[in-house]
Amino acid sequence: MGISFEILQKDIAARAGRLKVGEKTIRTPALLPVVNPHLPLVTPREMQEMGVEAIITNAYIFSKSAEYREKALSEGLHKVLDFDGVIMTDSGSFQLMVYGGVEITNLETVSFQKAIGSDIIVPLDIPTTPDADRERAEKELAITLDRIREAREHLGPDAQMAGPVQGALFPDLRERSARAVQEIGFDFCPVGAVVPLMENYRYKDLVDVVLGAKKGLSPSTCVHLFGAGHPSMLALGAAMGCDIFDSAAYALFAKDGRYLTTYGSLKIDELSELPCPCQVCRSHTAEELKKSPDRVRLLALHNLYVTLAEIARIRQAITDGTLWELLDLRCRSHPRLLEGYREFLRQAQDLEEQDNVSKRRFFYQGSESCMRTEVVRYHAMVERFTLGPRVLVAMAGKAPGDYDDILFFKPPFGPYPEGLSETFPIGQSEIPSWDEDMMRAGCRGIARLIETHPESTVSVLCPVEWAAFVRGELPGVEVLNADTV
């Protein structure tokens with residue numbers, strides 16, 4: 001039946017859509033909780049009752065399990081796990097990354113996955129770790145692509161299969177890998193071998209890797225970020241254009257006594273309150289949860305509730321066009337996440353082409369807001385203004401009448417004609433008292449206006465307290481003090 005992806009809403013590079021896998025459909029962005037049949041802290045049936053539409057499990061574990069192998073082959077994966085939704089299976093590549101080898105071949109694992117009724121089959125790609133040099137990364141990428149082609153030929157063009165994108169830390173190799181996988185023919189592409197980056201808070205590198213892969217993929221391709229499941233970074237993953245996430249974090253953190261939140265993880269033994277409205281937290285006090293004989297399972301349930309709620313929040317933000325605000329909030333939860341956010345913002349010129357032209361609002365939340373796609377687009381748009389020979393940009397005060405055109409000013413965007421005062425982003429932006437970062441960005445808008453209108457002479461009327469700053473940002477431009485005009 002194949003895999004297809006329908007995009008319904010967009011914001012930044014994020015998409016809210018529907019992934020159709022055979023006859024089954026899941027909403028995206030989506031979280032696929034990892035299910036280990038030997039350690040079911042939360043059962044797949046419970047997950048389904050919580051609203052989970054898809055899960056991921058490890059076919060290699062099933063293939064080597066004396067307890068589950070024959071049962072899965074005879075009854076099928078869905079019956080064994082008691083789950084009606086989409087089940088994706090990993091090939092054994094995770095074990096390959098962790099242990100350095102697996103006792104299965106590429107054709108053996110894809111054939112086994114098909115035999116047990118996997119909805120999304122994954123070839124045995126080589127997850128090249130971030131510490132690999134370029135020679136090794138290129139060599140292992142070539143093997144991965146050969147295995148993807150081999151699996152596609154073996155299972156046929158209509159097989160519901162994922163095409164993993166590898167290439168270590170080299171964005172150009174990620175792009176090359178993505179283009180090659182796309183040419184083979186895939187509508188579902190996981191970005192692999194990124195777990196070590198997230199485990200070590202290397203979000204800046206993660207941004208470079210994901211955006212490198214995205215350059216090589218069709219905009220209509222559903223992108224899966226392998227191993228991403230901490231709620232604090234899901235907004236960043238979605239903003240980069242990733243549609244599917246999977247993680248065992250809900251269970252692994254629970255075993256370590258850690259309580260997930262959207263701003264990090266907390267040690268349950270150090271909590272006196274449970275700051276969450278989920279069923280677990282409203283039916284237990286912190287002390288009761290700490291002492292419960294079912295503590296690990298209850299923590300796993302809480303962790304999963306929090307993560308699923310964040311996915312829903314992201315989908316709503318995409319629909320509302322407010323993902324930038326959510327992203328800004330989440331990425332301030334850790335300095336390294338903020339570093340990744342700033343790296344992402346440096347790509348705003350490319351992201352602007354994917355972002356919506358109009359949105360519900362623009363909330364200024366600090367210097368990072370000056371780098372957003374809306375500001376980049378607005379600065380590019382000022383060249384379309386039609387201006388006379390003498391132009392005044394009035395930041396404040398009453399403008400004199402001896403100018404051909406009078407523009408108004410709103411940082412971080414810059415100059416605007418009165419006709420744009422009710423349109424996005426000028427009319428739908430909320431900013432606090434002016435600060436130097438937003439003023440510097442606004443002055444860049446004026447500089448762009450001057451650059452693109454060489455036939456016009458531009459003067460600026462500004463509050464006296466900002467006059468020296470504006471003169472410094474716009475050397476050679478006549479700056480008038482509003483208080484003296």
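Modeller: A nonpolar core is a set of buried Ala, Val, Leu, Ile, Met, Phe, Trp, Tyr and Cys residues joined through side-chain atoms within 4.5 Å. Keep that in mind as we go through this predicted model.

Biologist: Now the core. How many residues does the largest nonpolar core have, and which have the most contacts inside it?

Modeller: The largest nonpolar core has 99 residues. Those with the most contacts inside it are Leu-206, Leu-225, Met-233, Phe-245, Leu-323, Leu-327 and Phe-344. Helix H15, residues 295-320, gives this core its largest share, eleven residues. There is also a second, separate core of 34 residues, including Val-375, Leu-407, Ala-467 and Phe-469.

Biologist: Let me pick one residue to look at. What does Met-233 touch?

Modeller: Leaving aside residues up to four places away in sequence, Met-233 touches Met-198, Tyr-203, Leu-206, Leu-225, Ala-228 and Leu-337. Leu-206 and Leu-225 are also on the list of residues with the most contacts inside the largest core.

Biologist: Helices next. Why is helix H16 described as largely enclosed?

Modeller: The general idea first: an α-helix has 3.6 residues a turn, so residues three or four places apart point the same way. Now the case here: seven of the eight residues of H16, residues 323-330, are buried, so this helix is largely enclosed by the rest of the structure. The buried ones are Leu-323, Trp-324, Glu-325, Leu-326, Leu-327, Asp-328 and Arg-330.

Biologist: And empty space? How many cavities of 30 Å³ or more does the structure hold?

Modeller: Rolling a probe the size of a water molecule over the atoms shows where empty space is left. Here there is one cavity of 30 Å³ or more. The largest cavity has a volume of about 50 Å³, and its lining is made by Leu-31, Pro-33, Gly-229, Ser-247, Ala-249, Tyr-250, Leu-260, Leu-304 and Thr-307. Strand E4 (30-35), helix H12 (249-255) and H15 each give two or more residues to that lining. By class, six of its residues are nonpolar, three are polar and none is charged.

Biologist: What is the volume of the second largest pocket?

Modeller: That pocket has a volume of about 490 Å³. It is lined by 23 residues, and the closest to its centre are Leu-211, Lys-214, Lys-215, Asp-350 and Gln-354. Strand E1 (3-11) and helices H8 (171-184), H10 (203-216) and H18 (348-351) each supply at least two lining residues. The largest share, five residues, comes from H10.

Biologist: How many charged residues does the lining of the second largest pocket have?

Modeller: Ten, together with nine nonpolar and four polar residues.

Biologist: Last topic, the cysteines. How many disulfides does a search of the whole structure find?

Modeller: The general idea is to look for a pair of cysteine sulfur atoms within 2.5 Å. The search finds zero disulfides. For Cys-189, the nearest cysteine sulfur is that of Cys-222, 9.0 Å away. Cys-189 is buried, with a relative accessible area of 0%. For Cys-331, the nearest is the sulfur of Cys-242, 13 Å away. Cys-331 also counts as buried, at 0% relative accessibility.

Key: Residues numbered from 1 in each chain as written. Predicted model: local features only at pLDDT ≥ 70, side-chain atom pairs only at ≥ 80, totals over all residues. Heavy atoms only, no water. 1 Å grid on protein atoms, 1.4 Å probe; cavity = no way out; pocket = protein on both sides within 12 Å on 5 of 7 lines; lining within 4 Å. Points joined across faces, edges and corners; volume = space filled by probe spheres on them. Helix = DSSP H or I, 4+ residues; strand = E, 2+ residues; numbered from the N terminus. Nonpolar A, V, L, I, M, F, W, Y, C, P; charged D, E, K, R; others polar. Buried < 20%, exposed > 50% of the residue type's maximum accessible area, 1.4 Å probe, protein only. Contact = heavy atoms within 4.5 Å.
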